[in-house]
Number of protein chains: 2
Amino acid sequence: MRYELYYWPEIQGRGEFVRLALEEAGADYVDVARKRGRKAVEAFFARPRERHPPYAPPALKAGSRVIGQTANILFYLGARHGLAPKDQAGALWAHQLQLTIADMVVHIHDTHHPVSGWIYYEEQKPAALRRTADFWRYRMPKFMGYFERVIAKSGGPYLLGRRLSYVDLSLFQIIEGLRYAFPRRMKRFEKRMPSVIALHDLVIKRPRIVAYLKSERRIPFSQWGIYRYFKELDQ
Amino acid sequence: MRYELYYWPEIQGRGEFVRLALEEAGADYVDVARKRGRKAVEAFFARPRERHPPYAPPALKAGSRVIGQTANILFYLGARHGLAPKDQAGALWAHQLQLTIADMVVHIHDTHHPVSGWIYYEEQKPAALRRTADFWRYRMPKFMGYFERVIAKSGGPYLLGRRLSYVDLSLFQIIEGLRYAFPRRMKRFEKRMPSVIALHDLVIKRPRIVAYLKSERRIPFSQWGIYRYFKELDQ
């Protein structure tokens, strides 16, 4: 079965968590908008004939099924491609970690657009400075301290122990994004999260991930999407 | 089995989505902090001996298992108590809708605290006014238009059709909260979401929900938590 991924063609965004899972699984998929343009995504969401219309990109078409919500798509893919535990308790635990990553994504995005996604960064710069300060003072230590603890409990090197799961791919992506958006802050902070960085360093060496990151299928980071670089936010 | 719910005792917050599911299921549960104080929750999260430590409240203890993340807890309870479809596709579809509700909860909260949760409302009032305007201009029509469409597709009166699911309880709670926080705006807006209001009106008449809302177990809305009333945000 060839999956169809419906997501914006210009950004990594939330779609990237799905792309990484598909790539690591060696799954057959089409990134629809990269082939046919963003209009294909707009049309898909504007006229959903599906019984289960998704709310917003990303969505995955798997045969006759359409699945929305990033973490939900990963739940589905994880079970099908050995990227999550098979037992219910283990699958829900992986998913729980993914939902915590989803929460983190909102906070990362809101460092540069706290007030509204409909106004320019420049119009909300004081709020962005304040939000960014609080993110690094409170959120980052709490989130990363948590993931450090989870790896310690599992025995590592991955979040669930010795086997890679889709959650590791997502955490890898978070680190990549934070390094793009906050290179100076990350340089200082990374020593406080040695196990997460070790996990990142394992993921980036996996053959399929190496091939993906080198390919044209990987969209570069940019000033759109979740992670954006603004010098003043990076101190 | 008696469940233990670990959530803050002073607010409905995200714990309320879990409480409503437990109540509708007629499940045996203890709202731990309401019995033993908020310190019981703090202690639970500060020293998690569990193999799967949750990141933040709410968490549900079910026998030897500890489950975190609101939508994940509901996924678990839905399967056990007939509050979600039994087949995998149906269960994931219900969960997908719940994740969209979770996204909405963040946007509702951020109407009054867009800049940071660590500063007072009064210090971020201009940003709150802007965020609230955008919420009602863009988010509410999109979210509620979506849920209207989902009900139309399922045939109603509930989101998944003729049978109530935990997602309906959560959408009911969203309406209750919006009416508390934005009474004037809701009065004008509700005519644009007739199916969602009809769903709300069915949920509020269910015997176990009636009993719960009258009981002391239901914490009143207040100026803490997700939904807060500020006259200037309500136009």
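Biologist: Which residues does B:Leu233 touch, not counting residues up to four places away in sequence?

Modeller: B:Leu233 touches B:Thr111, B:His112, B:Ala128, B:Leu129 and B:Thr132. Two residues are in contact if their C-beta atoms, placed from the backbone, lie within 7 Å. A word on the source: this is a predicted model, where local features need pLDDT of at least 70, side-chain atom pairs count only at pLDDT 80 or more, and totals for chains, interfaces and linings use all residues. Residues are numbered from 1 along each chain as its sequence is written, while chains are lettered from A and ligands numbered from 1 in the order in which they are written.

Biologist: Where is B:Leu233 found, and what makes B:Leu233 count as buried?

Modeller: B:Leu233 is in the segment after helix H10 (207-214) of chain B; helices (H or I, at least four residues) and strands (E, at least two) are DSSP runs, numbered from the N terminus. To be buried, a residue needs 20 or more other C-beta atoms within 10 Å of its own; 12 or fewer makes it exposed, and anything in between partly exposed, with C-beta atoms placed from the backbone. B:Leu233 has 21 such neighbours inside 10 Å, so B:Leu233 counts as buried.

Biologist: And why is B:Gln235 called exposed?

Modeller: B:Gln235 has 12 C-beta neighbours inside 10 Å, so B:Gln235 counts as exposed. B:Gln235 also lies in the segment after H10 of chain B, and its phi is near 70°, a positive value in a residue other than glycine.

Biologist: Is B:Gln69 buried or exposed?

Modeller: B:Gln69 is buried, because 26 other C-beta atoms lie within 10 Å. B:Gln69 sits in the loop between strand S4 (65-68) and helix H4 (70-80) of chain B, with a positive phi near 70°.

Biologist: How do you know that helix H1 (residues 15-25) of chain A is largely enclosed?

Modeller: 10 of its 11 residues are buried, so the rest of the structure largely encloses H1(A). The cover includes strands S1 (3-6), S2 (29-31) and S3 (59-62), plus H4, helix H7 (166-181) and helix H10 (207-214) of chain A. One of the buried residues is A:Ala21, which touches A:Leu74, A:Leu77, A:Leu83, A:Tyr166 and A:Leu169, leaving aside residues up to four places away in sequence.

Biologist: What makes S3(A) and S4(A) a pair?

Modeller: Strands pair if DSSP finds at least two bridges between them. Here 4 bridges join S3(A) to S4(A), and the two run antiparallel. They form a hairpin with 2 residues between them, and A:Gly63 in the turn has a positive phi of about 65°.

Biologist: How do you know that the peptide bond from A:Pro57 to A:Pro58 is cis?

Modeller: Its omega is near 0°. A:Pro58 is in the loop between helix H3 (38-46) and S3 of chain A. Another cis peptide bond joins B:Gly156 and B:Pro157, with omega about 0°.

Biologist: How do you know that the copies meet through the same surface?

Modeller: 100% of the interface residues of chain A are also interface residues in chain B, so the surface is the same. The contacts involve 33 residues of chain A and 33 residues of chain B. H6(A) gives the most to chain A's side, with 9 residues.

Biologist: What rotation superposes chain A on chain B?

Modeller: A rotation of 180° with 0.0 Å of shift along its axis does that (RMSD 0.0 Å). The two copies are therefore related as by a two-fold rotation axis. The superposition is by least squares on the C-alpha atoms of residues with pLDDT of at least 70 in both.
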